[in-house]
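Biologist: I have the sequence and the model open side by side, and I'd like to go through the side chains with you. Can we start with the charged ones?

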Amino acid sequence: MASFLNVTSPPFFSSRTTLSTSPPPNITAQLSQFKKGWCWKLKCMPSSGPSQETESEPPETAPSPSNSLMSSSSVSTYNWCAGLGGVGFLETAYLTFLKLTNSDAFCPIGGGNCGDVLSSDYAVVFGVPLPLIGMISYGLVAALGLQLSGKKLPFGIDESNGRLLLLGCTTSMAAASGYFLYMLSTKFSGTSCSYCLLSAFLSFSLFFITLKDFGLEEIQKFLGLQLCIASLVIFSLNTSYATLRPASSSLANIDLEYFTTEITTPSSPFAISLARHLQSIGAKMYGAFWCSHCQEQKQIFGKEAAELLNYVECFPDGFRKGSKMIKACADAKLEGFPTWVINGQVLSGDQELSELAKVSEFKIEESNQPS
C-alpha cells in the first residue's frame, strides 16, 4: 500500500514549530480535506492482491474422512448386492427353465439328488414354482444394488427408502433359505442339493452385507420390522405346504433298488408273431419294474415273445421318494403303467393279445389264432 500512497506532509506541520492547543480555522479545513483525500485514495487505488469481496468469501470445507468412508462403503455394499444378486438370478433362471420344461438338472455334486428336490412338491409355493420366486427376488436385489450404486432410484424413491427396501428383500430371502435348509435336512434326509446350498449361501451373504451397511442404532431401530418380515415368510411357507397331502410312512421311506422279474409262461406262436410285428412297426410298451400289471402283460406274451417287445423301463435306476422317470417316459406323458403307444394310439393298462393285434393291424392267420 505504501508504494501507491504518495502523501506529502500537510502544510500545517511545516508552517509552525509549535502547535497550539486549538488550531486555527484554516488548519482544521485542511485537515478535513486531507482525511477525505486519504480515504478517497484508499478506495480508488488499484490492488494486485485479491479483492475485499473475494477475501470475504468463506473457504470451502473439505469432506470429513468419516463421510468419505461411509460413501465408499455404501457403494461397495451396493456393488456386492448387484453382483451376488446377478449370480442368484442366473442360477434360479436355469432352475426355472428346468422346472417348467420338466427337464433333468445337472448336478455337479450329489448325482441325481438335485432333480429329486426340484421335482418334489416342496418346489412349488401356492402353485408357483419356487425357482421362479427366487429368480424374481434375486433380480430385484440386483436391480436395487445397481440403482443405489448409481444414485438413480425409480418412482421418486430416495436412497434411505431404497436401503430399507433392500434390507427387507434380503431379510425375507435369508428367512426363506433358513426354512428350506431345515426342510432339506428333515424331508430329504441324506439328499445333497448343490443348487439349494448355493442359493442359501447367496441369500445369507446378501443379508449380512446389507445389514453391515446399517449402523448399530439403525439395526436396533428396524429389528422389529425384520422380525415381522421373517415371521411372515415362514408363516406363508408353512401355510402353502400344509395343503400338501401327507404321504404314508411306507411311501415316505420307500427306497427300491431296480430288479427284474422272471417270465415263466411259455409263448405261443401267435404271441411270438405279434411281438415281432409290434417290434417292426415301432410300437412301445412303457412300464416300471415294480408294476405288477406290467409283469402280468409280459406273462401274457410269454418268455420268448416278451424279449422281442420294445419295452421302455421308466425307472432303470430304482425308485425312491422324489424319483423322476427317464426323459423318454416323461415326453410320452404317461398316466399309468403299463402304457402302449401303437401307431400314435395310446392304450393304458395291460391288454389282451387280440386287442393289440387289432390296434396294430396285425393280420391273424388261422393257424396262429390266439387261444
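Biologist: Is Arg-163 buried or exposed?

Modeller: This is a predicted model, and in it Arg-163 has a relative accessible area of 13%, which is under the 20% cut-off, so Arg-163 counts as buried.

Biologist: What does Arg-163 form a salt bridge with?

Modeller: Asp-213 is one partner, with the closest N and O atoms 3.2 Å apart, and both Arg-163 and Asp-213 are buried.

Biologist: How many salt bridges does the structure hold?

Modeller: There are 3 in the structure, and one of them joins the side chains of Lys-327 and Asp-331, at 2.8 Å from N to O. Both of these residues lie in helix H14 (residues 327-331), 4 residues apart, which is about one turn of the helix. Lys-327 is exposed, with a relative accessible area of 56%.

Biologist: Changing topic to the nonpolar side: how many residues are in the largest nonpolar core?

Modeller: That core has 30 residues, and those with the most contacts inside it include Leu-274, Phe-301, Trp-340 and Leu-356. Two or more residues each come from helix H11 (269-280), strand E4 (284-287), helix H12 (292-301), strand E7 (339-342) and helix H15 (353-359), and H11 gives the most, with 5 residues. Apart from this core lies another one, of 21 residues, among them Cys-114, Phe-188, Cys-193 and Tyr-195.

Biologist: Which residues is Trp-340 in contact with, leaving aside its neighbours within four places in sequence?

Modeller: Among them are Leu-278, Lys-284, Met-285, Gln-297, Phe-301, Leu-309 and Leu-356.

Biologist: And what about aromatic pairs, how many does the structure hold?

Modeller: The structure holds 15 aromatic pairs. In one of them the rings of Phe-301 and Trp-340 have their centres 6.0 Å apart and their planes at 35 degrees, so the pair is tilted. That pair links distant parts of the chain, since Phe-301 is in helix H12 and Trp-340 in strand E7, 39 residues apart, and both residues are buried. Phe-315 and Phe-319 form an edge-to-face pair, with 5.3 Å from centre to centre and 85 degrees between the planes, and these two are buried as well.

Biologist: Which residues form one aromatic cluster?

Modeller: Tyr-122, Tyr-179, Phe-180 and Tyr-241 do.

Biologist: Last one: how far does helix H8 reach from its first C-alpha to its last?

Modeller: Helix H8 (residues 194-212) has 19 residues and reaches 27 Å, close to the 27 Å expected at 1.5 Å a residue. Several of its residues are buried, including Ser-194, Tyr-195, Leu-202, Phe-207 and Leu-211.

Note on methods. Residues numbered from 1 in each chain as written. Predicted model: local features only at pLDDT ≥ 70, side-chain atom pairs only at ≥ 80, totals over all residues. Heavy atoms only, no water. Core = buried A, V, L, I, M, F, W, Y, C linked by side-chain atoms within 4.5 Å. Buried < 20%, exposed > 50% of the residue type's maximum accessible area, 1.4 Å probe, protein only. Contact = heavy atoms within 4.5 Å. Phe/Tyr/Trp six-rings, centres within 6.5 Å; stacked < 30°, edge-to-face > 60°. Expected span 1.5 Å × (residues − 1). Salt bridge = Lys/Arg side-chain N within 4 Å of Asp/Glu carboxyl O.
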